[in-house]
Amino acid sequence: MRGYGRYLLGWHVLQSRVESLLEQNAVEQLLPDWPRRRRAHLVAQDIAASGGRAPHLGVRAAPPLDAAGVLGTAYVVEGATLGASVLLPRFLERGVATEANSTFLAACAVASVETWPSFLETLRRFESEVSPDAVVEAAERTFAWAREAFLRPVRPQARLASRPSSP
Ligand code: HEM
């Protein structure tokens, strides 16, 4: 699989893994507007709108997180919203994506303006309470998950089933 389909599959794996980990670790206590930040369902929706099927990912072992772990993990997916205002217009202009199958990127573009600034405020508020090294460590682990998600998203038998004409 290539192009936008592969991009969506990578995000499906990463965003679902991160959201599920954060939700198991009381993310709403640190980010009370967490429901607005959930986007994994939009990736699955975009895969379906592209003619594919989001693979079932199963449960993966995950470390319990303290406040530093929650903040460092969330940092990666929240910060990643910043690229959407660059990518979305390019994808639409080039016909790589359509409005119908880019709800995740559209939500990221909104989040980069509406919820990224308040994430940074939260990070600053906790500056004296959490170990910066622990925040960085959680972010680095999440970046490693991102690398894995985009390079080797799922087991071969669970790969996205898509129509031959889809990207
Ligand atoms: C999984 C993690 C991430 C991925 C896959 C990702 C991917 C991308 C991509 C593809 C772009 C567009 C580059 C281009 O062609 O110009 C971009 C832009 C950008 N990203 Fe990320 N990113 C991630 C995490 C982050 C984080 C954590 C931050 C900051 C905290 C960040 C900040 C930015 C900024 C500032 C831009 C440029 C936006 C602009 O030019 O207005 N990204 N990102």
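Which helices each supply at least two residues of the shell around the ligand? In this predicted model, they are α5, spanning residues 67-79, and α6, spanning residues 84-93. The ligand is surrounded by V76, G79, A80, L82, G83, S85, V86, L87 and A146. By class, six of the shell residues are nonpolar and three are polar. No charged residue takes part in the shell.

Helix α5 also contributes to the largest nonpolar core, which has 37 residues. Within this core, L8, V43, A74, F104 and C108 have the most contacts. Two or more core residues come from each of α1 (3-23), α4 (40-49), α5, α7 (103-114) and α9 (132-151). The top contributor is α1, with 10 residues.

One of the core residues with the most contacts is V43. Leaving aside residues up to four places away in sequence, V43 touches L8, W11, H12, Q15 and F104. Two of these partners, L8 and F104, are themselves among the core residues with the most contacts.

Helix α1 is mostly covered. Of its 21 residues, 16 are buried. At 1.5 Å a residue, the 21 residues of α1 should span 30 Å. The end C-alpha atoms of α1 are 30 Å apart, so the two values agree.

Conventions: Residues numbered from 1 in each chain as written. Predicted model: local features only at pLDDT ≥ 70, side-chain atom pairs only at ≥ 80, totals over all residues. Near = placed C-beta within 6 Å. Helix = DSSP H or I, 4+ residues; strand = E, 2+ residues; numbered from the N terminus. Nonpolar A, V, L, I, M, F, W, Y, C, P; charged D, E, K, R; others polar. Core = buried A, V, L, I, M, F, W, Y, C linked by C-beta atoms within 7 Å. Buried ≥ 20, exposed ≤ 12 C-beta atoms within 10 Å, placed from the backbone. Contact = placed C-beta atoms within 7 Å. Expected span 1.5 Å × (residues − 1).
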